[in-house]
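Dear colleague,

My notes on it follow directly below the structure itself.

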Amino acid sequence: MKSSSAIWYEEEKFGTELTAPTNTAVADAQAKEATATADKATSAQPQKPATKVYVEEVPAVQIEEVHLSPVKERFASCSRQFVKDEPESPALVPEIFADISKNFMVYFLILVLCALALFKVYQVQQTRLLTAQLNEVRLNNEDLQRHWLALTSERQVLSEHSRVRQQAQQVLAMQAPATDAELMIALPADPQ
């Protein structure tokens, strides 16, 4: 008795519709099997008398014909076992070029989208680098500003007369002249 996958394969291979076996065909097959087993038993032991096999006649039951429609195989194991005449697949490279030419606009838009995405990544990276440089310049400017303020305040401190007098007395050991030793020089007025 054939399995459903074998029936399907034969139907696909020969292009015919097979019918399900009838009850008489089943009974004939069972009788043949019984005869074969009996022959084996007699050949193995010739001393024993042959046994008769009785096969009951199965009452005829109407069985409808099974029409199997051609369907693609559902089991990978069956496809490897039965399918031997596979049509050759077309070459891959011409198929790819045909697909690209057929759907050129879609591929072009995908390419443009990828290029824009890469440009956006590049732009974000450049923005981050410029922001880091700007922060460094700002910090440097703040340091220079603080240093300038410190130098300005030091100049003011050093330019005070009292400070100059104090430094002259301490460092250079200078003394102020006595009032009697002071000379006043009058400069002539400018004739213009």
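A search of the whole structure finds one aromatic pair, where rings of Phe, Tyr and Trp (its six-membered ring) pair if their centres lie within 6.5 Å, and planes under 30 degrees apart count as stacked, over 60 as edge-to-face and the rest as tilted. The pair is made by F104 and F108, which are stacked at 6.1 Å centre to centre with 20° between the planes. Both belong to helix α5 (residues 104–159), and because they are four residues apart there, about one helical turn separates them; helices are DSSP runs of H or I of at least four residues, numbered from the N terminus. F108 counts as partly exposed, at 40% relative accessibility, given that buried means under 20% relative accessible area, exposed over 50% and partly exposed in between (1.4 Å probe, protein chains only).

The model is predicted, so local features need pLDDT of at least 70 and side-chain atom pairs count only at pLDDT 80 or more, while totals for chains, interfaces and linings use all residues. Residues are numbered from 1 along each chain as its sequence is written, and side-chain values use heavy atoms, with hydrogens and water left out.

R146 counts as exposed at 52% relative accessibility, whereas D143, at 41%, is partly exposed.

Best regards

Note on methods
Helix = DSSP H or I, 4+ residues; strand = E, 2+ residues; numbered from the N terminus.
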